[in-house]
Amino acid sequence: MTEPSWHEKLIGGFRRTSDKLGDNLSGLFTKAALDTETLDGIEEALIASDLGPATAARIRATLGSARYERGLDEAGVRQVVADEIAAILTPVAKPLEIEAFPRPQVILVIGVNGSGKTTTIAKLAHLLQEQDYEVMLVAGDTFRAAAIGQLKVWAERLNIPIISGKEGGDAASLVFEGVKQGTARGTDVLIVDTAGRLQNKAGLMDELSKIRRVLGRLNPAAPHDVVLVLDATTGQNALNQIEVFGASAGVTGLVMTKLDGSARGGTLVAAAEKYGMPIHAIGVGETIEDLRPFDPQEVARAIAGVERLASSKNPA
């Protein structure tokens, strides 16, 4: 069986959102004109598809403009949805740039337990390896032996050096050692796993503050990036995590993972609209290659279901 392409996985990853949008739009296009009642229905459909009220209001306003006063069919509405989503996502689509000097560039990766954080670190490391960067890992989630073990397995598979210690160890000391060894080896990127204890915000903030102080002794510019991993299946909870981690951890960018057929992909748009944070990459599958910088146009069309609708009307 042939492995699906990235594009096919992307469309599949947003299937729940595009299907839900289609279901919610169904029956709204019985009139020629997009009157207030129809526009209200479309706006409600967009909100129900997890795109968020701000995005829904923006699209409603566009559909209500004079140029669409003669009405649109479902395909036309989906195209407008795709165009507006692309306009929201384009300014925040920013791949991680490795440009720190002196090296290494330190990337703290944060996120709640279960978000796919540790696996995402491995995928990110692989992505950077493909760009010919030397990468080192730090198993800084010392509160979970499973996280340490999992990251060690990935490091071995990718042939990447890793700094790790025992469960309950001091994460800041590991980071300090990582920067020392990374500097000595000429490593380009140091990716640091961190504890995902959202329920204890004070403890999380204290730990991250300690890591920052330790890093500051070696490189005042570090950490260069604080990347929050979000689970796309959690919907509104993902937005809450941006709020909490953004305030306590100084998040600089986002990675959204678990964009599979059950994901609430509209959350990606709602996050971009509400917070405007850089979105570095998205994950649409379980293999090591399934994390990539995202194309906002491609993602917008997948969310809106533009290509799937066209192919269903014009079967090969």
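**Pockets and a cavity in a predicted model**

Helix α6 supplies 3 residues to the lining of the largest cavity, the largest share. Helices (H or I, at least four residues) and strands (E, at least two) are DSSP runs, numbered from the N terminus. The model is predicted, so local features need pLDDT of at least 70 and side-chain atom pairs count only at pLDDT 80 or more, while totals for chains, interfaces and linings use all residues. Residues are numbered from 1 along each chain as its sequence is written, and side-chain values use heavy atoms, with hydrogens and water left out.

The search of the whole structure returned 1 cavity of 30 Å³ or more. On a 1 Å grid over the protein atoms alone, a cavity is a set of points where a 1.4 Å probe fits but cannot get out. A pocket is an open set with protein on both sides within 12 Å along at least five of seven lines. Lining residues have an atom within 4 Å of a point. Grid points are joined across faces, edges and corners, and a volume is the space filled by probe spheres set on the points.

The largest cavity has a volume of about 60 Å³. Its lining consists of P95, L96, L124, L127, L128, Q131, H280, A281 and P293. By class, 7 are nonpolar, 2 are polar and none is charged. Here Ala, Val, Leu, Ile, Met, Phe, Trp, Tyr, Cys and Pro count as nonpolar, Asp, Glu, Lys and Arg as charged, and the others, Gly among them, as polar.

Helix α6 (residues 117-130) also provides the largest share of the largest pocket's lining, with 5 residues. This pocket has a volume of about 270 Å³. Of its 19 lining residues, S115, G116, T119, T257 and K258 are the closest to the centre. The lining holds 3 nonpolar, 10 polar and 6 charged residues.

The second largest pocket has a volume of about 210 Å³. It is lined by 14 residues, with G52, P53, Q236, L239 and A270 nearest its centre. Helices α4 (53-63), α10 (236-249) and α11 (266-275) each supply at least two lining residues. The largest share, 4 residues, comes from α11. The classes are 6 nonpolar, 4 polar and 4 charged.

The protein chain as a whole has 13 helices and 8 strands. Of its 316 residues, 51% count as buried (under 20% relative accessible area, 1.4 Å probe, protein chains only).

Definitions and conventions
Buried < 20%, exposed > 50% of the residue type's maximum accessible area, 1.4 Å probe, protein only.
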